Amino acid sequence: MTSAGGNGGKSITTTCCVAGGGPAGMMLGFLLARAGVDVVVLEKHADFLRDFRGDTIHPSTLKVMEELGLLDELLQRPHNDIRRLQVMVGETSLTVANFSFLPRHRAFVAMMPQWHFLDFLADHARGYPSFQLVMQADVADLIEEGGRVAGVRATTSDGSLEVRADLVVGADGRKSTVRESAGLEIEDIGAPIDVFWMRISRAPGDPGSGGRVNAGSFFATLDRGDYWQLAYVIPKGASELVHAAGLPAFREIVARALPFLAERVGELKTWDDVKLLTVRIDRLRQWYRPGLLCIGDAAHAMSPIGGVGINLAIQDAVATANLLWKPLKDGAVQGDDLARVQKRREFPMRVTQRFQVLAQNRIVQPVISSTAPSLSPPWALKLLDRFPWLQQIPARFIGIGVRPEHVQSPAAAPEAAKVRA
Ligand SMILES: Cc1cc2nc3c(=O)[nH]c(=O)nc-3n(C[C@H](O)[C@H](O)[C@H](O)COP(=O)(O)OP(=O)(O)OC[C@H]3O[C@@H](n4cnc5c(N)ncnc54)[C@H](O)[C@@H]3O)c2cc1C
């Protein structure tokens, strides 16, 4: 219900207000609307078009889309498949993960620009009358009444907006305004790395996706069809040194680490072509307060290691919808219901963050600070390469993760849902 707000702005009353239209927020908005719950999603940007968001759709997300009957349609959108991951350590090339051991329909990671995935969810969610998406709505503050969160205040291109709701869900990412406004306590785990992202064209005959590891240099290479998405990992705070050394020196680093790109590094014309993304790992001690729940990166910021953050965010959304659609519909969400969401999702989040911390501290950081003349592969990687059936272990951990969620929230009766053809 929309009306004029007290301060001259607009006001909406709904059952659930989701702050943030990323993977967690859009999936939750879609699932709640599908279950017939009134939901408003507020997204601060005007569209979903942003470069260098994670673009990975993992096998467990493919499974969720299959359960929703939407997988074939989703895969009509532009994407390419990654079926195995190869790492080059020094001069040795090793296969370390093979997704083809997973069931046929999801034996790959789909690399799809995130805006296609979010647009797809938004298109389907809009077909449900109980769904509303407000773009360019920047959540600034929480409305608190009688010791509980009763809604949010946002600024929009149209002026101020108040959304009053039985439940506010903070899905506004790792710099979450919602969690900060709510005063939820953050446990900072720390990350000793940052990442430069860039793209360089791809040519026939280039090798497959994976990584290039050498003493002092760590690159991840993602095949995006006609271009490479490249991540260059640096020690935290070292970006100024890299910038100070100049772009020609940076191109030289790329060409040395990835010789097949040596002729193409000139495509990095200015520093605008090389984006710095800061990495953090943290988590909330408690994900909820009366009237409020945080999920996805807002509850637990994930490092890019393993490319699992989107997957975890979506799994949080599926679990939240499974556990809360009924209490929301009955107008009776209690603290215990919110606690159940944290209880369900905390273990997978902790195990995944533990893995990311181990990988960044024991593998990535020693490699990027190494001054040894050359590196040889660790025995664990050699073992994976030697015995291919072992490659399903990292493939399952990355692709499916810990405690995968399945859609249990219902689909609203067909007459209530006018999904666009
Ligand atoms: C360098 C880097 C690379 C990464 N690469 C990958 C990868 O390849 N694969 C992978 O799975 N994960 C990757 N991750 C992790 C991944 O990006 C996150 O874990 C994931 O995006 C979390 O999803 P989310 O929906 O919780 O939050 P987000 O994706 O951050 O979405 C939050 C949304 O909320 C909106 N928002 C923010 N503030 C407000 C506000 N005040 N009001 C309204 N809206 C707001 C934002 O615009 C955004 O749309 C990477 C992370 C980093 C740092």
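**Figure 1. A three-stranded open sheet in the predicted model.** The strands of this sheet are arranged in the order E4-E8-E5, and their pairing is antiparallel. Strand E4 (56-57) and strand E5 (80-82) are the edge strands, each pairing on one side only. Two bridges link E4 with strand E8 (residues 109-111) in the antiparallel sense. Within this part of the view, Thr-56 stands opposite Met-111 in E8.

**Figure 2. A seven-stranded open sheet with mixed pairing.** Here the strand order is E7-E6-E15-E16-E17-E14-E18. At the edges are strand E7 (92-98) and strand E18 (275-278), and each of these pairs on one side only. On average, neighbouring strands of the sheet are turned by 20° against each other, direction ignored. Strand E16 (residues 217-223) and strand E17 (residues 227-235) run antiparallel and are joined by five bridges. Thr-221 has Leu-230 in E17 as its bridge partner.

**Figure 3. Helices H10 and H11 against strands E6 and E7.** Helix H10 (residues 379-386) lies across strand E6 (84-89) and E7. The direction of H10 is at about 70° to E7. H11 also packs on the sheet, where H11 touches E6 and E7. For H11, the angle with the direction of E7 is about 55°.

**Figure 4. The crossing of helices H2 and H8.** Two packed helices are described by the angle between their axes and the distance between the axes. For helix H2 (residues 59-67) and helix H8 (residues 309-329), the axes come within 9 Å and cross at roughly 35°. The crossing of H2 past H8 is left-handed. On the H2 side, the contact is made by Ser-60, Thr-61 and Val-64. The H8 side contributes Asn-311, Ile-314, Gln-315 and Val-318. Sorted by class, the contact of H2 with H8 has three nonpolar and four polar residues, with no charged residues.

**Figure 5. The largest cavity and its lining.** How many cavities of 30 Å³ or more does a search of the whole structure find? The search finds three. The largest cavity holds about 80 Å³ of space. Its lining consists of Val-308, Asn-311, Leu-312, Gln-315, Arg-345, Thr-352, Phe-397, Ile-398, Ile-400, Gly-401 and Val-402. Asn-311 and Gln-315, both in this lining, are also among the H8 residues in contact with H2. At least two lining residues come from each of H8, helix H9 (335-368) and helix H11 (392-399). Which helix gives the most to the lining of the largest cavity? H8 does, with three residues. By class, the lining of the largest cavity has six nonpolar residues, four polar and one charged.

**Figure 6. The second largest pocket.** This pocket contains about 190 Å³ of space. There are 14 residues in its lining, and those closest to the centre of the pocket are Lys-10, Val-134, Thr-156, Asp-158 and Leu-161. The elements giving two or more residues to the lining are strand E2 (10-19), strand E9 (131-135) and strand E12 (159-170). How do the residues of the lining of the second largest pocket divide? Four are nonpolar, eight are polar and two are charged.

Notes:
Residues are numbered from 1 along each chain as its sequence is written. This is a predicted model: local features need pLDDT of at least 70, side-chain atom pairs count only at pLDDT 80 or more; totals for chains, interfaces and linings use all residues. Side-chain values use heavy atoms; hydrogens and water are left out. Axes are lines fitted to C-alpha atoms, for helices over the stretch in contact, and angles run from 0 to 180 degrees between N-to-C directions. Helices (H or I, at least four residues) and strands (E, at least two) are DSSP runs, numbered from the N terminus. A crossing is left-handed if the near helix is turned anticlockwise from the far one by less than a right angle, and right-handed if clockwise. Contact means heavy atoms within 4.5 Å. Ala, Val, Leu, Ile, Met, Phe, Trp, Tyr, Cys and Pro count as nonpolar, Asp, Glu, Lys and Arg as charged, and the others, Gly among them, as polar. On a 1 Å grid over the protein atoms alone, a cavity is a set of points where a 1.4 Å probe fits but cannot get out, and a pocket is an open set with protein on both sides within 12 Å along at least five of seven lines; lining residues have an atom within 4 Å of a point. Grid points are joined across faces, edges and corners, and a volume is the space filled by probe spheres set on the points. Two strands pair if DSSP finds at least two bridges between them.
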